[in-house]
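Dear colleague,

Please find below the structure that I am handing over to you, followed by a summary of what was found in it.

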Amino acid sequence: MLMSGGLQSPVQMIKGVGPQRAELLAKRGIHTLEDLLAYLPFRYEDRIRFSHVKDVRPNAVYTLRVSVMSGQAIRTMRGRDAIYHLLVKDETGSLPCKFFHGGYLEGRLKPGQELILHGKAEVDKQRPARIEMVNPQIEVISGAGLDSTEVGRIVPIYEAIGTFGSRAIRRAIYGGLQQLDPRMPDVLPTTLRAKLNFPSHRDAVIQTHFPPPEESLDALNQFRSPAQQRLIFEELFLYQLSLALDRRATRKENAIAFRVREDSVREALKRILPFKPTAAQKRVLAEIAADLEKAAPMNRLLQGDVGSGKTIVALQAAVIAMENGCQAALMAPTEILAVQHFLSARRNLEKAGYKVELLISGMKSTEKTAALARIASGEAQLVIGTHALIEDNVVFAKLGFVAIDEQHRFGVLQRKRLMDKAASHGHAPHVLVLTATPIPRTLSLTLYGDLDVSVIDELPPGRTPIVTSLATEQSLPGVWESLRREIAAGHQAYVVYPVIEESKLELKAAMDEFERLSKQVFPKLKLGLLHGRLSSEEKEIVMLKFRLNEIQILVTTTVVEVGVDVPNATVMVIEHAERFGLSQLHQLRGRIGRGAGKSHCILVAPGHMSENAKARLETMVRTANGFEIAETDLLLRGPGEFFGTRQSGDLGFHIANPLRDREILDMARREAFALAENPSSAGELNQILRALPPHWQRRYHLARIG
Ligand code: ADP
Ligand code: MG
């Protein structure tokens, strides 16, 4: 039913999804039945057989079916938090459980109530003879009848979406699955399905949510059941097919071959340099220049750790394009970063006579119209902007070079749309993609199709390593004191608050903190507040003041995460550091240590943390190496989080996880390229297109198969 109305019906049509839940789902990008069915369980539990309380040993994970004996919340000394103590039993014995931050459970669990608990058993630290479960996941079994979605089967566990818990999501999905059309079309060609021994799309969806009882629990939990593999393969296959068809098309395309060896170009490249480039910067520029000399379009990934100096290399490549009579474009993921690039490009390039233009969606419409006219006439030579650059109304006179900063924030398809801006005048642009997210080389080749890779493996000279330390909330007064000293010495500081979705509710906490810091902690200092919900103009003003040292302490959210460059800022305090991912912390920390002054990063976290959280923060203290941090992140959090897919839809995968699913990715790549490159497969390609609903065609950039 990919194509029929059913899958596209709004989630509210599903039993158990009212307006409130629909709103929660919408925030996660889940609007239709199809979206909901793509929300897959992250784990499965065997609820055909439960473990018994009498068999529970420390340091192992159990799923138990128990009933409540008693429960009580006990406030901790500081009064804000509570530990909830729960006593449960089954036919073989009783077991104490402890929930840190468990105040919310008060009054919710009644004696006699039946529960399923899943979690790790540990030795009670105060009473070593006692075994307890700490913070187990809890599911209340509903009333009288035992619902077939809850017990007596392998049960899917979903990550809660706000107050929409796993059990309720499970029921909604169960209801949704009943509506699936038995004659749902399948995008995978029959021959391919037979060859790989995959179930149909419909069966795969059903069995991924509600696996048959004989399915291996291990396979399921590793996303290796045939049903899961089929869905993963399908997504990767369509993605690779898109790359394969692109490559087929690109082979026929021509780019403009630039002259780079001429003295005038060499002179121009030197003229714009504000400092002596590092050896690594020189080497990668030579690699880029060699590509630009060719009539085939450059497709290059420029990888380099935070602060390694990628920007100037991209600007030099832009200068080559401009010296050759072409326009250049630089796309950044945030307005703050686009404006910063714009200001520094103007500083370095305008004195050399180049005309630099800014294009962001927050501009006044008169300004924007004027900018668009200058871009269309060719008067604007280097255009720097955000997503606004790929909108339909942006027309270039002669775009020859495109740089995309922090590519991990953009989908591959956005890159393609920017490339299309040049295609309209008969040639493909040279493309340079910049990223600080280290991806294993083999994987990046597969993911980015045919990008060549250049690496800046050296930091500019004169940097003093950043000293990172951990602090607890109790020790904050001391932290503020050291911050005061740095500011007295003329430096500036960031205080980062974990506002990740920039929702009103989350922002309230950051604003309260800002108020408290300005009024109570630093009444004599100049503080500023920066967050994603400010208008473009407000953001610019705050950043300008910070750059001019008119703001000494910038209280901010993750909007400063990428690219922001204010060398005089030497301290960063990150509150609730345990809520951030490691790669994110690394990016954030990269905002300091940019000048010659010694920089300090202080990670503030609760005294009580999971082992995993502790290990993550200790990694930050131990190393400043982006590769090492990324690897640890990958290990500790798993690949989904690693790519930050949830925050930015990065690589655009819904189900597949390219790191976890490398083998399937390889297989999908082989099959897709074989199909795209075989002239006799036109019929099969058309069959795929016919089965692809329009929004899937857009998602995979596949509309042009036929
Ligand atoms: P990133 O690779 O993280 O994008 P940037 O391009 O923002 O790094 O550069 C980080 C800082 O280092 C900037 O302030 C930039 O001006 C400076 N910088 C870059 N290259 C050099 C160099 N060769 N010598 C001195 N400073 C440099
Ligand atoms: Mg950068």
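A nitrogen atom of ligand 1 has a backbone N or O atom of K276 at a distance of 2.9 Å. Please bear in mind that this is a predicted model. Two further contacts involve oxygen: an oxygen atom of ligand 1 is 2.8 Å from an N or O atom in the side chain of K310, and an oxygen atom of the ligand is 3.4 Å from a polar backbone atom of S308. The protein covers 83% of the 560 Å² of accessible area that ligand 1 has on its own. There are 16 residues around ligand 1, of which G307, K310, T311, R463 and D565 come nearest.

Are the two partners buried or exposed? Y174 is partly exposed, with a relative accessible area of 28%, whereas F210 counts as buried because its relative accessibility is 8%, under the 20% cut-off.

Another pair is that of F233 and F237, which is stacked, with 5.6 Å from centre to centre and 15 degrees between the planes. Both residues lie in helix α8 (residues 226–251), four residues apart, or about one turn of the helix. F233 and F237 are both buried. Together with F198, these two residues make up a cluster linked by ring pairs.

Finally, I draw your attention to strand β11 (residues 356–359). V356 and L358 point one way from this strand, E357 and L359 point the other way, and all are buried. Strand β11 runs parallel to strand β12 (residues 382–385), to which four bridges join it. Within this pairing, V356 stands opposite L382 of β12. Between the two strands the chain passes through helix α13 (residues 365–377), and this β-α-β crossover is right-handed.

With kind regards

Technical notes. Residues numbered from 1 in each chain as written. Chains lettered and ligands numbered in written order. Predicted model: local features only at pLDDT ≥ 70, side-chain atom pairs only at ≥ 80, totals over all residues. Heavy atoms only, no water. Buried < 20%, exposed > 50% of the residue type's maximum accessible area, 1.4 Å probe, protein only. Phe/Tyr/Trp six-rings, centres within 6.5 Å; stacked < 30°, edge-to-face > 60°. Pairing = 2+ DSSP bridges. Right-handed = clockwise from strand over helix to strand, strands pointing away. Near = heavy atom within 4 Å. Polar contact = N/O pair within 3.5 Å; in protein donor to acceptor, adjacent residues only side chain to side chain. Areas by Shrake-Rupley, 256 points an atom, 1.4 Å probe, with all protein chains shown as cover.
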